[in-house]
Amino acid sequence: MSKGGLDTRQMILCALFTALIAVGAQIKVPLPVVPFTLQFLFTTLAGLLLGGRLGALSVAVYLVLGLVGAPVFTEGGGPAYLLKPSFGYLIGFIPMAVIAGIFIEKSGRKLVLGMIGMILGTAVCYIFGTVWFVLVMKTSVQAALTMCVYPFIVFDIIKMVLAAWIGPQIHGRLVQAGLL
């Protein structure tokens, strides 16, 4: 690996999670403002399994792909997506992966601290998304929370528990395969 660069294994893992996030965007339940998708699950797993740096890189590549026009977002792609009220949540996926990844790395892969990292990362994602929604829709914070956060809290908790449950199993298999 070059200084500050990525080795082939890291590039493959980042590409894999970029693809998983894109697939997760297509597994959706349409709702009026922000659809329910599995992007959140794969973004969280990227942070938990790859760590903060590589998890965030996976999400950033996903965002760049979508913004240049690849139809990887829930409703397609392209630069016009920046004007969508829900785009802030996509931006929030980057710090969410970073925070979850840092907590799991620093904790020695302890599940309780990993859950704390996922909860804090989710809160930061909600903040990014809510602020973006308020600015684009010119609405109140309360209205944004009512439309974009409250309906998703239970589902996001379920996805965090699922990530906490399957993450260590996947991590173990990736370590056995020599990928982590």
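The following legends describe close-up views of a predicted model.

Because the model is predicted, local features are reported at pLDDT of at least 70 and side-chain atom pairs at pLDDT 80 or more, while totals for chains, interfaces and linings use all residues. Residues are numbered from 1 along each chain as its sequence is written, and side-chain values use heavy atoms, with hydrogens and water left out.

**View 1. Packing of helix α2 against helix α6.**
Helix α2 spans residues 39–67 and helix α6 spans residues 153–176; helices are DSSP runs of H or I with at least four residues, numbered from the N terminus. Two packed helices are described by the angle between their axes and the distance between the axes. Here the axes are 9 Å apart and the angle is about 40 degrees; α2 is therefore oblique to α6. Axes are lines fitted to C-alpha atoms, for helices over the stretch in contact, and angles run from 0 to 180 degrees between N-to-C directions. Angles under 35 degrees count as roughly parallel, over 145 as roughly antiparallel, 65 to 115 as roughly perpendicular, and the rest as oblique. The crossing of α2 past α6 is right-handed, that is, the near helix is turned clockwise from the far one by less than a right angle. From α2, the contact (heavy atoms within 4.5 Å) involves F40, L41, T44, L45, L48 and L49. The α6 side contributes D156, K159, M160, L162, A163, I166, G167, I170 and H171. Sorted by class, this contact has 10 nonpolar, three polar and two charged residues. Ala, Val, Leu, Ile, Met, Phe, Trp, Tyr, Cys and Pro count as nonpolar, Asp, Glu, Lys and Arg as charged, and the others, Gly among them, as polar.

**View 2. Packing of helix α3 against helix α4.**
Helix α3 covers residues 87–106, and helix α4 covers residues 111–137. Their axes come within 7 Å and cross at roughly 160 degrees, which means that α3 is roughly antiparallel to α4. The crossing of α3 past α4 is right-handed. Its contact has 19 nonpolar, eight polar and no charged residues.

L90 lies in helix α3 and is buried, at 6% relative accessibility. Buried means under 20% relative accessible area, exposed over 50%, and partly exposed in between (1.4 Å probe, protein chains only). Beyond residues up to four places away in sequence, L90 touches Q39, V59, Y62, L63, F73 and Y81. The C-alpha atoms of L90 and V61 are separated by 12 Å, and the two residues are 29 apart along the chain.

T130, within helix α4, is buried with a relative accessible area of 7%. The side chains of T130 and Y89 are joined by a polar contact of 3.3 Å. A polar contact is a pair of N or O atoms within 3.5 Å; within protein, one must be able to donate a hydrogen and the other to accept it, and residues adjacent in sequence count only if both atoms are side-chain atoms. Setting aside neighbours within four places in sequence, T130 contacts Y89, V141, A144, L145 and V149.

P71 sits in the loop between α2 and α3 and is exposed, at 62% relative accessibility. Apart from neighbours within four places in sequence, P71 contacts Q26, G76 and G77. K138 belongs to the loop between α4 and α5 (141–148) and is exposed at 72% relative accessibility. Phi of K138 is near 50 degrees, a positive value in a residue other than glycine.

Terms used
Helices (H or I, at least four residues) and strands (E, at least two) are DSSP runs, numbered from the N terminus.
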